[in-house]
Amino acid sequence: MKYNGEHLFYGELGHFLAILSLVASLIATIAYFKASRNKLLEDQRGWIKFARMAFAVETVSVLGIFVLMYLIIANHYHEYYYAWNHSSRSLEKQYLFASFWEGQEGSFMLWNTWHCLLGWILIWRSKKWEAPVMTVVSFAQFCIATMLLGIYIGSLKIGSNPFALLRHELDAPMLVSNPDYLQFPKVFEGNDLNAALQNYWMVIHPPILFLGFASTVVPFAYAVGGLIKNDHTWIKAAIPWAAFSGAVLGTGIMMGAAWAYEALNFGGYWAWDPVENASLVPWLVMIAGLHTNIVYKSSGYSLKSTYIFYILSFSLVLYSSFLTKSGILGDTSVHAFTEKDTSAQLISFVLVCFIPAMALFFYRSKSIPSIKKEESTYSREFWMFIGALVLFLAAIIIIAKTSIPVYNKVLGTNVAMPEDTLFSYNQVQIFIAIILGILTAVTQYFKYKNTDSKTFYKKILPPTIIALVTSLCISFIGNINYTDKGAGFMVAIHVAMFAAVYAVVANAVYIWVGLKGKMKSAGASIAHIGFGLALIGILISSSRKTVLSQNTTGIALLPKSKDYDPQENITLFKGVKTDMGKYDVTYTRDTLNTSNRKQYFELQFVSKDGKENFSIYPDLINNNKGMEGRSANPDNKHYWNRDIFVYVSAAQDGKQDDTSQYKAVEMRPGDSAFYSNGIIVMNSVVKELDSLKQKLLPGEVGIGMNMTVISKDGMQYKAMPEIALKDNQLRQIPDTVIAQSLVIKFNKLADPATGKIELGIKEDQSIQDIITLKVYLFPFVGLLWIGIIIMVAGFIISIVQRVKTGFKTVAR
């Protein structure tokens, strides 16, 4: 059958390029391996030339796949399952790239693309190491290329074809039987991009993160190449690459934290989510490897450790991919892939890289040079090595806890994550932070080999005193008094604050005194200052994080649950100013943006002292991909010393159908009646009142019931239900108390002798637009972001300096 409107050429070409990429990467791997093993220079050059040609074909194929897939998504060719499943015609154009890497296949394409770019830089710069290093890179390319095949060998499926057709993937006979299936509304529109990913950070964060992932292959490739050749001179060339990987991967991780801070409603930038952990762990190990690499270059110690850390860093990237893409974290993470079961292939990728590399390491272990003499405890290399071990220990603790779902699946156990997940990590990692902060402060004051103890203490004493005084001021004048987890944890926070301030002060003094202000040589110290500032920002913002949205209305839209506490979510009625402690808050209006399909809420904050008056605009977007309800996107008001973080935790549209019923109550002046949130007092019956006359028709006589509504929190509201009489005809004029969702009306005269009146009282949640807010105060959270920027700047300065030194060495 011929299907109308299909563009099959794109898919056929794309699938051909995927196969070509696989074949070319395999040929490049073999050719580079041959070159690395060939001792004859002429033959070696021939194999390298052939390998470069294969790598060029591979690069063209990978870029072709990338371009074709983008064209398919951008042109809404929904005959392709990937384009249909991850985008829609109503999606804003800036999110088309986010659609590209929402699925597994797109992330592998992105990873492959970065590998190609890094490969050409290696071909240009790695000189004698090109053959062994590119052998490993090309083999990694081959493994990734298998993830994009989507072919069957018997019953075994290898990879997932990004160019698969919708009618082949969905079990929907009506698609196969109808030549015009592309005009079906659901097919034509598309399945959309996950609501949580419709954020600008999701356009820029994944490419940076995957560049960081891809870059870990380079130090790994140098290490494996060194083991293959039994040549350890690669160590100097690897340092800029390890620094680059640390800078880019760290930036990508923190971009993800910024996305979480701006787009997710868990109230912060880090939640020890398994996917966050899976990206953090390889970074920690890479930084450990970078430090031991520098130690070996400067002192001859720690070469074996460097090999192990670089091998583990890349292997942990692959293991992280297994965790996030196999679906095994689907129940424990808010942003793990769950749709494709590629577990076997992903774990094979891990093992095929890790096991041979470690086997080769143990095979060459005896020939790897090491110094038998123990390092002096007054040497820089000793403490840098201790710091690397601490980083490695932190990584092991995090990945072990993150891998609980793996243990459960493999061993058949049912180990549950701790109820307080954040604290289960924090109570350990805070001590890691203390050690790292102190080591970061003191280590640069040591010299390699040995340091005179008197000289060391003389230099380190001034920054120690400054840091101690400064941290005490921050802790006590700044009222760092976090007692939620006990006195012991609070003490640890104060010690960590000292360690963080110590790292900043000691490194700043070292730049000034030790390096004489030479910023070009201060990359490491600048990175350490950034680390210290980030740690200060984390400690202050987390320990003094305050919930501002204490509920003063006594009204809650949702029952208490793990994610919603009625006491910490203030309820706002549209147009009604509501007391929120330091601020009066008014829900002024809301609007639906048709381009991004988000409902924005304008909230006006006015401080009680009159010094602050600002509006903030959190929004809600309808969930998709099988999830019900709406997803909250927070908004922030940024100050130099704090953030006001706001998100809508629940919303009720006043246009909904009214299903509540009136309750009949007999009252006379002076009587009161209860409702769910307080009492209603009938004050008097009034006749001649100007406000009544305004509502009367010609010939009518009005009577009003003057009433006071008193809520549980002591707030009082006036109500005046009325009736209009004419020729023995009665017309009801109910009154509403919007803030209490009350409607009161006159029913009848119950007892003329006693003056009792029957009123109808209804609690009607449909009479008004209502929202509940969660509002946090994050003090000095900006220090975190500033610290990250400074840390990355330090990495960049170090990379530039190392590369320049390398060029000078080559020139000589």
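Trainee: How many helices and strands are there in the protein?

Mentor: This is a predicted model. Helices and strands are counted here as DSSP runs, numbered from the N terminus. The count for the protein is 23 helices and 23 strands.

Trainee: What does the C-alpha trace span along its principal axes, and what share of the residues is buried?

Mentor: Along the principal axes the C-alpha trace spans about 120 × 85 × 50 Å. A residue is called buried when its relative accessible area is under 20%. Of the 812 residues in the protein, the buried share is 55%.

Trainee: Among contacts between residues at least 6 apart in sequence, what share joins residues at least 24 apart?

Mentor: A contact needs heavy atoms within 4.5 Å. Taking the contacts between residues at least 6 apart in sequence, the share that joins residues at least 24 apart is 69%.

Trainee: Which residues make the nonpolar surface patch, and what is its area?

Mentor: Helix 1 (8-37) and helix 2 (41-74) each give two or more residues to the nonpolar patch. Its members are Ile19, Val23, Ile27, Trp47, Phe50 and Met53, and its area is about 500 Å².

Trainee: Which residues gather in the patch of positive charge on the surface?

Mentor: One of them is Lys516, in the loop between helix 20 (487-514) and helix 21 (523-543). Exposed means over 50% relative accessible area, so Lys516, at 65%, is exposed. The residues of the positive patch are Lys447, Lys459, Lys516 and Lys518.

Trainee: How far apart are the mean positions of the positive and negative charges?

Mentor: The protein has 72 positive and 59 negative charges.

Trainee: What is the phi of Asn479?

Mentor: Most residues other than glycine have a negative phi. Asn479 is in the loop between helix 19 (453-477) and helix 20, and it is partly exposed at 47% relative accessibility. Its phi is positive although it is not a glycine, with a value near 60°.

Trainee: What is the phi of Phe780, and where does Phe780 lie?

Mentor: Phe780 is partly exposed, with a relative accessible area of 28%. It is not a glycine, yet its phi is positive, about 55°. Its place is the loop between strand 23 and helix 23.

Trainee: Is Asn641 buried or exposed, and which residues does it touch?

Mentor: Asn641 is in the loop between strand 11 (635-638) and strand 12 (642-652). The cut-off for buried is under 20%, so Asn641, at 19%, counts as buried. Leaving out residues up to four places away in sequence, Asn641 touches Pro779 and Phe780.

Trainee: Which residues does Val781 touch?

Mentor: Val781 is in the loop between strand 23 (770-779) and helix 23 (782-811), and it counts as buried at 0% relative accessibility. From Val217 it is 564 residues away in sequence and 33 Å away in space, C-alpha to C-alpha. Not counting residues up to four places away in sequence, Val781 touches Tyr261, Tyr269, Ser541 and Asp643.

Conventions
Residues numbered from 1 in each chain as written. Predicted model: local features only at pLDDT ≥ 70, side-chain atom pairs only at ≥ 80, totals over all residues. Heavy atoms only, no water. Patch = residues over 30% accessible without salt bridge, like charges linked within 9 Å, V, L, I, M, F, W, Y side chains within 5 Å. Areas by Shrake-Rupley, 256 points an atom, 1.4 Å probe, with all protein chains shown as cover. Salt bridge = Lys/Arg side-chain N within 4 Å of Asp/Glu carboxyl O. Lys, Arg positive; Asp, Glu negative; His and termini not counted. Charge placed at Lys NZ, Arg CZ, Asp CG, Glu CD. Helix = DSSP H or I, 4+ residues; strand = E, 2+ residues; numbered from the N terminus. Buried < 20%, exposed > 50% of the residue type's maximum accessible area, 1.4 Å probe, protein only.
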